[in-house]
Amino acid sequence: IVVASNFHKNLLISERNVPTDKIHIIPWNVTVPELAIKKENIVVFPHRLDVEKQPELFLQVADKLRNPDWQWVRTKDECKTKQEYYNLLAKSKISVSCALQETFGIAMMESVLLGCIPLVPDSLCYKEMYKDQYRYKDVDDLKEKLEFWMNTNLAPNKDPASLFLKPAIANQIGRFYPDLFSLLKTV
């Protein structure tokens with residue numbers, strides 16, 4: 001069994017009684033196009049609009065932090081194509097997850113690779129992947145972190161993964177695994 005995070009591995013072990021030696025962790029191969037789009041004051045919610053992603057919580061926080069200089073956008077409300085989605089992420093400054101369930105977080109990883117400041121729950125797979133300052137403990141902490149990052153100008157970075165992600169994950173993202181089965185034989 002191949003999973004993308006320790007969180008997912010531990011979930012399978014505890015909930016499905018899968019033997020530890022049967023599960024291998026290989027981070028998802030996330031790649032995005034290179035886009036040189038000027039950042040705008042946009043806070044984006046890059047997830048599906050499913051209950052476990054809590055899109056309504058994103059809107060509630062947006063309502064509480066009303067600021068006429070900022071847009072709050074759910075990608076599924078705005079984007080019809082993958083290219084529109086990438087363009088929106090590339091011009092957004094902050095990307096927010098409110099997920100109740102996440103085993104890797106491809107949408108947040110795409111956001112990071114396109115230069116968004118990530119704000120993720122301090123739980124699930126995010127705890128092992130994102131640096132402390134980008135994780136929030138509860139809704140009040142999310143609001144505080146949003147206000148902080150909305151008022152902070154972050155210099156553009158050619159390697160956003162190393163800025164936002166823990167080193168072990170940042171070093172894995174974007175690697176191509178041409179022969180997954182050969183890689184697993186070495187594990």
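Me: In this predicted model, how many bridges join strand S3 to S5, and how do the two strands run?
Reply: Strand S3 covers residues 40–45. One of its residues, Val 44, has Ser 95 as its bridge partner in S5. The strands S3 and S5 are joined by three bridges, and they run parallel.

Me: Which residue of S6 is the bridge partner of Ser 95?
Reply: Strand S6 spans residues 117–121 and is joined to S5 by three bridges. These two strands run parallel. The partner of Ser 95 in S6 is Pro 118.

Me: Why is strand S5 described as largely enclosed by the rest of the structure?
Reply: A residue is called buried when its relative accessible area is under 20%. Strand S5 consists of residues 92–96, and it is largely enclosed because the number of its five residues that are buried is four.

Me: Which residues have the most contacts inside the largest nonpolar core?
Reply: This core has 38 residues. Ile 94 touches, beyond its neighbours within four places in sequence, several residues including Ile 42, Trp 70, Ile 117 and Leu 146. Those with the most contacts inside the core are Trp 72, Ile 94, Val 96, Tyr 130 and Leu 146.

Me: Is Arg 74 buried or exposed, and what is its relative accessible area?
Reply: Arg 74 is found in strand S4, residues 71–74. Leaving out residues up to four places away in sequence, it touches Phe 45, Leu 49, Pro 55, Phe 58 and Leu 59. The cut-off for buried is under 20%, so Arg 74 counts as buried, with a value of 16%.

Me: How many residues apart in sequence are the parts that the pair of Tyr 134 and Phe 164 ties together?
Reply: The two rings form an edge-to-face pair, 5.0 Å centre to centre with 85° between the planes. Tyr 134 lies in the loop between helix H6 and strand S7, whereas Phe 164 lies in helix H8, so the pair ties together parts whose separation in sequence is 30 residues.

Terms used. Residues numbered from 1 in each chain as written. Predicted model: local features only at pLDDT ≥ 70, side-chain atom pairs only at ≥ 80, totals over all residues. Heavy atoms only, no water. Core = buried A, V, L, I, M, F, W, Y, C linked by side-chain atoms within 4.5 Å. Buried < 20%, exposed > 50% of the residue type's maximum accessible area, 1.4 Å probe, protein only. Contact = heavy atoms within 4.5 Å. Pairing = 2+ DSSP bridges. Phe/Tyr/Trp six-rings, centres within 6.5 Å; stacked < 30°, edge-to-face > 60°.
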